[in-house]
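Here is a short report on the protein chain shown below. It covers the cores, the surface, the ring pairs and the salt bridges.

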Amino acid sequence: MGKGHALSDGVIKKILLSYTYVAIWIFLSFTVIVYNKYILDKKLYNWPYPITLTMIHMAFCSSLAIILIKVFKIVEPVSMSRDTYLRSVVPIGALYSLSLWLSNSAYIYLSVSFIQMLKALMPVAVYSIGVLLKKESFKSRTMTNMLSISFGVAIAAYGEAKFDVWGVVLQLGAVAFEATRLVLIQILLTSKGINLNPITSLYYVAPCCLVFLSVPWIFVEFPVLKETSSFHFDFVIFGTNSVCAFALNLAVFLLVGKTSALTMNVAGVVKDWLLIAFSWSVIKDTVTPLNLFGYGLAFLGVGYYNHCKLQALKAKDATQKKVQASGDEEAGKLLEERESEVVAGKRNESQD
């Protein structure tokens, strides 16, 4: 009786911890998105320099990752040759810098709610690029689902009250670059047995991003900042914003490490709905019924996509267990045969 009660307590504790990790990730992701919008929006903090903001994040995250790995030795750096770094990490860093630059730029032109609706296209982009790069196999049922997601987002875009073409182009570009980065991580890193957690990812990728971002920054934002004599670096605003960005990376590590990537996808859907509600009720962004109807369709498509991924993972896991079980059974039979041979040999010796 006591043993069963202890087991029940253990299960409850595990469930509570999982929900805690989900809640932390949702809170930090929510905070970073709203904070970035606050800084970049001309009607709020009025600091429309997305490249500079992203560079501040990358400089802070690089420094902290180096300290955590080199000084405190919290995690071990991955053994990686110079050639592997140049061929694998640098392209991923370039794509990541473009994705962050464009997604942060979109906050200047679009509402938080509409950006979250456009982000529903991420599974479409990841699957399409995966098929093009031969990482995913083409399936008509999956592509039909991708088209339904795209159709839902198109309806949401049509119903957007403050539609801005340039803002949409920036956000779609960010989705495309991020999707390509995710597929290339599988091709260039995971396939080679290189697995990076968020701290080691920042350690290797953030400095690379900083270098790539410095090129457009010199030509696009530096001349404007130079002329703005009234500008002063607000350590409180940019410091806390950078801390939130770094904490979000750690939260991803906790969430995926302690639960699963699928849990993160489901939590992401919850976060998107919360952001839409926050954008409408607090920031006072206009959310139309057509917005919600379109995003609702896209949401169903994304939900079905996650369900299919879960079923595929379960099927793969079941196959692996079946292969392992059959292997164990064969090993057992061989062991029995050898034992019987040994026994027979001993009998023959005793008879002689």
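A nonpolar core is a set of buried Ala, Val, Leu, Ile, Met, Phe, Trp, Tyr and Cys residues joined through side-chain atoms within 4.5 Å. Buried means under 20% relative accessible area. The model discussed here is predicted.

**Cores**

The largest nonpolar core holds 54 residues. W25, I39, W47, F114 and M117 have the most contacts inside it. Helix α1, residues 2–40, gives the most to this core, with 12 residues. A second, separate core has 26 residues, including C61, L68, I69 and I194.

**Overall build**

The protein chain has 12 helices and 0 strands. Of its 352 residues, 41% are buried.

Y109, F163, V165, W166 and V169 make a nonpolar surface patch of about 510 Å². Helix α7, residues 165–189, gives the most to the patch, with 3 residues. F163 sits in the loop between α6 (140–158) and α7. Its relative accessibility is 42%, so F163 counts as partly exposed.

**Aromatic pairs**

The structure holds 13 aromatic pairs. One of them joins F30 and F278 edge-to-face, at 5.0 Å centre to centre with 80° between the planes. F30 lies in helix α1 and F278 in helix α11 (residues 261–281), so this pair ties together parts that are 248 residues apart in sequence. F30 has 18% relative accessibility and therefore counts as buried. F278, at 22%, counts as partly exposed.

Y45 and F238 also pair. Their ring centres are 6.4 Å apart and their planes stand at 85°, so the pair is edge-to-face. This pair, too, links distant parts of the chain: Y45 is in the loop between α1 and α2 (50–71), F238 is in helix α10 (residues 235–258), and the two are 193 residues apart. F238 is buried, with a relative accessible area of 2%. Y45 counts as partly exposed at 24% relative accessibility. Both residues belong to a cluster linked by ring pairs, made of Y38, Y45, W47, Y49, F233, F235 and F238. W47 was named above among the residues with the most contacts inside the largest core.

**Salt bridges**

Side chains of opposite charge can pair when their charged atoms come close. The count here comes to 4 salt bridges. The table lists some of them.

| Salt bridge | N to O distance |
|---|---|
| K37 and D41 | 2.8 Å |
| R87 and D83 | 2.9 Å |
| R181 and E178 | 2.7 Å |

Which of these residues are buried, and which are exposed? K37 and D41 are both buried. R181 and E178 are both buried as well. R87 counts as exposed because its relative accessibility is 56%.

Spacing along the helix comes next. R87 and D83 both lie in helix α3 (residues 82–109), 4 residues apart, which is about one turn of the helix. R181 and E178 are 3 residues apart in helix α7, so about one helical turn separates them. Helix α7 is also the helix that gives the most to the nonpolar patch.

Notes. Residues numbered from 1 in each chain as written. Predicted model: local features only at pLDDT ≥ 70, side-chain atom pairs only at ≥ 80, totals over all residues. Heavy atoms only, no water. Buried < 20%, exposed > 50% of the residue type's maximum accessible area, 1.4 Å probe, protein only. Patch = residues over 30% accessible without salt bridge, like charges linked within 9 Å, V, L, I, M, F, W, Y side chains within 5 Å. Areas by Shrake-Rupley, 256 points an atom, 1.4 Å probe, with all protein chains shown as cover. Salt bridge = Lys/Arg side-chain N within 4 Å of Asp/Glu carboxyl O. Phe/Tyr/Trp six-rings, centres within 6.5 Å; stacked < 30°, edge-to-face > 60°.
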